[in-house]
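Here are my notes after a look through the model you sent over.

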Amino acid sequence: MVVAALNRTNEKTQVWLKELAHELDWDEPDMVFQALRGVLQTLRDRLPLDESAQLAGQLPMLIRGCYYENWSPKKDTEHWNAEAFAARVALTFPGNLTVDPYAITRAVFRVVDKHVSPGEVKDVKACLPETLREMWP
């Protein structure tokens, strides 16, 4: 049973990564994974605790682990605009000036939008400032 669950989450994670690679038109799996992790962790740190946990509940187990990696929950979230969000995502790729954190963010949001329930996406978007909501599909 445990092995089956691990196999299922691995398959689901691979689907997410494959879709993101296609969205970004990238063929480097490590960079695709970094992009997914960077955007999700930035989003996690922006959301209120309860909404962050509700979103996590809809992520595949392996992605959920990355989502929570190095998390230090705070009661108050920082109120970021799109520029601050993109700057934080860019930190995922130190020294790489060829990546576009806005494009990465929009691509991850499109993949999340495909796999997370519409109600949860609506709830997440409602927690974000207008400039970030505009980055969702």
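1. A quick word on terms before we start: helices here are DSSP runs of H or I with at least four residues, numbered from the N terminus. On that basis L6 belongs to helix α1, which covers residues 2-24. Do keep in mind that this is a predicted model.

2. Overall fold. The protein chain has eight helices and zero strands. Read from the N terminus, the order of elements is simply α-α-α-α-α-α-α-α.

3. Overall size. Along the principal axes, the C-alpha atoms fill a box of roughly 40 × 35 × 25 Å. The radius of gyration of the protein chain is 14 Å, which agrees with the value near 14 Å for a compact globule of 137 residues. As for burial, 40% of the 137 residues count as buried.

4. Which residues make the nonpolar surface patch of about 290 Å²? They are V2, L6 and M61. Of these, L6 sits in α1 and has a relative accessible area of 45%.

5. An acidic spot. There is also a patch of negative charge on the surface, where D25, D27, E28 and D30 gather. E28 lies in the loop between α1 and α2, with α2 spanning 29-46. Its relative accessibility is 45%, so E28 counts as partly exposed.

6. Besides being part of the negative patch, D25 has a phi near 60°, a positive value in a residue other than glycine. I flag it because most residues other than glycine have a negative phi. Where is D25 placed? It is in the loop between α1 and α2. Is D25 buried or exposed? With a relative accessible area of 71%, D25 is exposed.

7. N70 is another one to check. Phi of N70 is also positive, near 60°, and N70 is not a glycine. N70 is found in the loop between α4, residues 61-68, and α5, residues 82-90. At 71% relative accessibility, N70 counts as exposed.

8. Then turn to V2, L6 and M61 for the nonpolar patch.

Definitions and conventions
Residues are numbered from 1 along each chain as its sequence is written. This is a predicted model: local features need pLDDT of at least 70, side-chain atom pairs count only at pLDDT 80 or more; totals for chains, interfaces and linings use all residues. Side-chain values use heavy atoms; hydrogens and water are left out. Patches are made of residues with over 30% relative accessible area and no salt bridge: like charges are joined within 9 Å, nonpolar side chains (Val, Leu, Ile, Met, Phe, Trp, Tyr) within 5 Å. Accessible areas come from the Shrake-Rupley method with a 1.4 Å probe; for residues, only the protein chains shown count as cover. A salt bridge is a side-chain nitrogen of Lys or Arg within 4 Å of a carboxyl oxygen of Asp or Glu. Helices (H or I, at least four residues) and strands (E, at least two) are DSSP runs, numbered from the N terminus. Buried means under 20% relative accessible area, exposed over 50%, partly exposed in between (1.4 Å probe, protein chains only). Lys and Arg count as positive and Asp and Glu as negative; His and the chain ends are not counted. The place of a charge is taken as NZ of Lys, CZ of Arg, CG of Asp or CD of Glu. The radius of gyration is taken over C-alpha atoms; the globule rule is 2.2 Å times the number of residues to the power 0.38.
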